[in-house]
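Hi there,

Here is the structure I promised to pass on.

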Amino acid sequence: MISSSRIPAVVPAGRMAAMDQPVLSLPSGLELRPWRPSDAAVLVAGSQDPAVRQWNRLLVETPEDARRRIDRMHERWRAELSAIWAIARPEGEAVGLIGWGDIDLGGGSAEIVYWILPSARGGGVVAEATKRASEWALKDLGLHRLRLCHSVANPASCRVADKAGYTLEGTMRSALLHADGWHDEHLHALVQGDI
């Protein structure tokens with residue numbers, strides 16, 4: 001029998017747009033903050049880094065492209081479609097990106113995206129930022145399920161997922177097209193009650 005009652009939205013429409021994007025502190029002393037037009041060079045540098053390009057679909061060729069992308073980040077926050085932060089030194093330069101794409105407030109889910117510049121790699125920054133962004137998404141925004149997907153050929157992202165408390169749920173075959181062809185992807189998830 002099909003129920004005639006409507007399933008309520010997990011997070012009501014308008015909740016995210018009514019918030020200012022917060023600045024989130026990290027234990028390392030770094031912070032997650034909204035991207036600024038002055039961060040344009042960092043987006044370009046990220047786009048040019050071979051490791052970032054290998055695992056992400058980031059193509060930003062000029063500072064003008066980067067500023068347009070930063071403007072879109074803010075527009076997509078207001079449209080409740082994504083929540084993207086700069087991983088940055090307090091009052092300083094960005095060293096990476098983290099945030100939520102594919103936000104579905106009604107269904108209560110989102111997928112995390114991230115990258116970090118070489119100067120900040122190796123110290124657990126991405127795992128720390130993933131934990132903090134996940135806490136915000138579950139506790140402050142009120143989402144129910146978070147996804148972290150990555151190529152099976154990217155063991156660093158498996159370590160990030162594990163350190164951030166995500167459970168490996170399986171492998172999605174031929175799930176994402178990278179520059180070198182189709183990759184199988186690991187699917188990790190974190191749900192309400194996991195943290």
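Let me start with serine 82, which is found in the loop between helix 3 and strand 3 (83-88); helices (H or I, at least four residues) and strands (E, at least two) are DSSP runs, numbered from the N terminus. This is a predicted model, where local features need pLDDT of at least 70, side-chain atom pairs count only at pLDDT 80 or more, and totals for chains, interfaces and linings use all residues. Residues are numbered from 1 along each chain as its sequence is written, and side-chain values use heavy atoms, with hydrogens and water left out.

Serine 82 has a relative accessible area of 5%, so it counts as buried (under 20%; exposed is over 50% and partly exposed in between, with a 1.4 Å probe and protein chains only). The side chains of serine 82 and arginine 76 are joined by a polar contact of 3.3 Å. Such a contact is a pair of N or O atoms within 3.5 Å; within protein, one must be able to donate a hydrogen and the other to accept it, and residues adjacent in sequence count only if both atoms are side-chain atoms. Leaving aside residues up to four places away in sequence, serine 82 touches Met16, Arg76, Trp77, Trp100, Gly101 and Ile103 (heavy atoms within 4.5 Å).

Aspartate 180 sits in the loop between strand 7 and strand 8. Because its relative accessible area is 64%, aspartate 180 is exposed. Its side chain makes a polar contact of 2.6 Å with that of histidine 183.

Now the sheet: eight strands form an open sheet in the order 1-2-3-4-5-6-8-7, with mixed pairing (two strands pair if DSSP finds at least two bridges between them). Strand 1 (24-25) and strand 7 are the edge strands, each pairing on one side only. Strand 6 and strand 8 (residues 181-191) are antiparallel, with seven bridges, and arginine 145 has valine 191 in strand 8 as its bridge partner.

In helix 1 (residues 40-48), the buried residues are Ala40, Val42, Leu43, Val44, Gly46 and Ser47. Their cover includes helix 2, helix 3, strand 4 and strand 5.

Best wishes
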